[in-house]
Amino acid sequence: MNSMTGFGRASLTTDEFSLTVELRTVNNRFLDIQVRLPSELAAAEVPLRKLIQARLQRGRVEATVSLVQQRPVTFQVNLPLVQGYVAALRQAQAATGVAGDFDLSLIARLPGAIQPVTETDAAFTARLAEGLLTAAGQALDALTAMRQTEGAALAQEIAARLEQIAARIPEIEAAAALVFENQRARLERRMQALLRDLGSLDETRLAQEAAYAAERCDITEEVARLRSHVAQMRDLLTSDAAGVGKAMDFLLQEMNREVNTMLSKTSDTTVHDVALFIKTEVEKIKEQAQNVE
């Protein structure tokens, strides 16, 4: 079982370039990939996304790539831009009467006035893209290892809470088995109080009323389904199938539904106490399961 939280980093250096890939992931209902690439690697964004999609199922992924080229770089002056700056400044000087002159140091500081010129070709671009995917694969390996470690810790905590839930279910079953007798005794006390002066009770009618009341309070099916959901949750903890997190979300909703039904169908103190305990544990598991891939 994998967590959706993790970090992976990898670098690759050649005679021509050095690049670093960093991957950060947090929980998300779906797979949401955010990529930050230098302009030289813009064409490699789609292959990078496909590589991530092949390895991850869910989570918000932030992929950041930095690149340093080792090849010689030359610079050129953007003459149209500089001429435009100078013309605008001279116009401002004429309008305001401010004294002063322009030198090369001022021009060099103008945004975009001097720009790097790097020779690029198809072969070099292909080598860049190949290096990116290699480094990204290594970063994904590191990310996956961290997510597996986090997932193992989550599995242990969830398993411990499931054990606590399973250990309390027999208490509900024992209490539910006494529902008929408890309802019969309760009805008998009420009827004796009301009919004390009217002679003996109609045992057949009493049994029918007790059975009807017990049927309305019967939680046998809910207990059986709850036990089944706990077993399925345990299986998911060791499953390597895709979509474990989504399956857990569904089962936890169903477990919560069964517990709420128990609380609404019976007023038995034991059932209520145990059901509330289970409900609390289910909510705690839901908080952890939100981070499961």
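## Terms and model

Two strands pair if DSSP finds at least two bridges between them. Strands (E, at least two residues) and helices (H or I, at least four) are DSSP runs, numbered from the N terminus. This is a predicted model: local features need pLDDT of at least 70, side-chain atom pairs count only at pLDDT 80 or more, and totals for chains, interfaces and linings use all residues. Residues are numbered from 1 along each chain as its sequence is written, and side-chain values use heavy atoms, with hydrogens and water left out.

## The sheet

An open sheet of 4 strands has the order E1-E2-E4-E3, with mixed pairing. E1 (6-13) and E3 are its edge strands, each pairing on one side only. On average, neighbouring strands are turned by 15° against each other, direction ignored.

E4 (residues 59-69) alternates. Gly59, Val61, Ala63, Val65, Leu67 and Gln69 point to one face and are buried (under 20% relative accessible area, 1.4 Å probe, protein chains only).

E2 (residues 17-26) pairs with E4 in the antiparallel sense, over 10 bridges. Here arginine 24 stands opposite glutamate 62. E3 (residues 31-36) runs parallel to E4, joined by 6 bridges. Arginine 60 is the bridge partner of aspartate 32, and threonine 64 stands opposite arginine 36.

## The crossover

From E3 the chain crosses through helix H1 (residues 45-55) to E4. This β-α-β crossover is left-handed.

H1 lies across E2, E3 and E4, at about 145° to E3. Angles run from 0 to 180 degrees between N-to-C directions of axes fitted to C-alpha atoms, for helices over the stretch in contact (heavy atoms within 4.5 Å).

Terms used. Buried means under 20% relative accessible area, exposed over 50%, partly exposed in between (1.4 Å probe, protein chains only). A crossover is right-handed if, with the strands pointing away from the viewer, the path from the first strand over the helix to the second runs clockwise.
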